[in-house]
Amino acid sequence: MAEFELDSNLVIGPFEAKDATQALRYIAEHLVRLGYVKETYPDAVISREKEFPTGLPTNGPGVAIPHCDPSHVIKPAIAVATLAHPVPFGLMGGKQATVPVDIIMMLAINDPSTQIDILRQVSLMVQNPRILNSLKSATCQREVIKILKNVFTAPDSECVRS
């Protein structure tokens, strides 16, 4: 059963970023300050995003789900960030194509065996424009956490530790 931290300290934004790299560094350094990831995490997640982009086109706000090798993670968490203005991210599985991203769900996973399940849950969530619009328009951190807890603790979801 996948467990990860999901609390208001992990909700960021909306904030301004000039590009995907700046947005990723801002979020990843926040995870470092909170003690979820190692100092190596920001460079690792940026490097992985350049090689394997995670931007997803949706029927709502665009989403990216950056992550990197579990060796850079201390304890599992998902940071959720909203951008004040969309920035282009590389399209997952695409060559040179980009997608405007409004919401970044940065995964810090330290158990490789849970990564597929968590990615599956996040992928299912981003297919729901109602949830994405709710995340984008949330007015406080508690509202974002409530939305995510409803998603991740649904009967067919894995357990979330909060």
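Author: Gladly! A contact here means heavy atoms within 4.5 Å, and helices (H or I, at least four residues) and strands (E, at least two) are DSSP runs numbered from the N terminus. This is a predicted model, where local features need pLDDT of at least 70, side-chain atom pairs count only at pLDDT 80 or more, and totals for chains, interfaces and linings use all residues. Residues are numbered from 1 along each chain as its sequence is written, and side-chain values use heavy atoms, with hydrogens and water left out.

Reader: What covers the buried residues of α1?

Author: The cover includes β1 (11-15), α2, β4 and β5 (98-108). The buried residues themselves are A20, A23, L24, I27, A28, H30, L31 and V32.

Reader: Why is I12 called buried?

Author: Buried means under 20% relative accessible area, exposed over 50%, and partly exposed in between (1.4 Å probe, protein chains only). I12 has 8% relative accessibility, so I12 counts as buried. This residue of strand β1 touches Y26, I27, H30, V80, A81 and T82, leaving aside residues up to four places away in sequence.

Reader: And why is S123 called partly exposed?

Author: S123 has 27% relative accessibility, and therefore counts as partly exposed. S123 is part of helix α3.

Reader: What makes up the lining of the largest pocket, by class?

Author: There are 8 nonpolar, 5 polar and 2 charged residues. Ala, Val, Leu, Ile, Met, Phe, Trp, Tyr, Cys and Pro count as nonpolar, Asp, Glu, Lys and Arg as charged, and the others, Gly among them, as polar. α1, α2 (41-51) and β4 (77-90) each supply at least two residues of that lining.

Reader: Where does pLDDT stay under 50?

Author: Over residues 156-162. pLDDT is the predictor's confidence in each residue, from 0 to 100. Where it is low, the predicted coordinates should not be read in detail. The mean for the protein chain is 87, and 91% of its residues reach 70 or more. Among the elements, helix α3 (residues 112-125) has the lowest mean, 80, and helix α1 (residues 20-34) the highest, 98.
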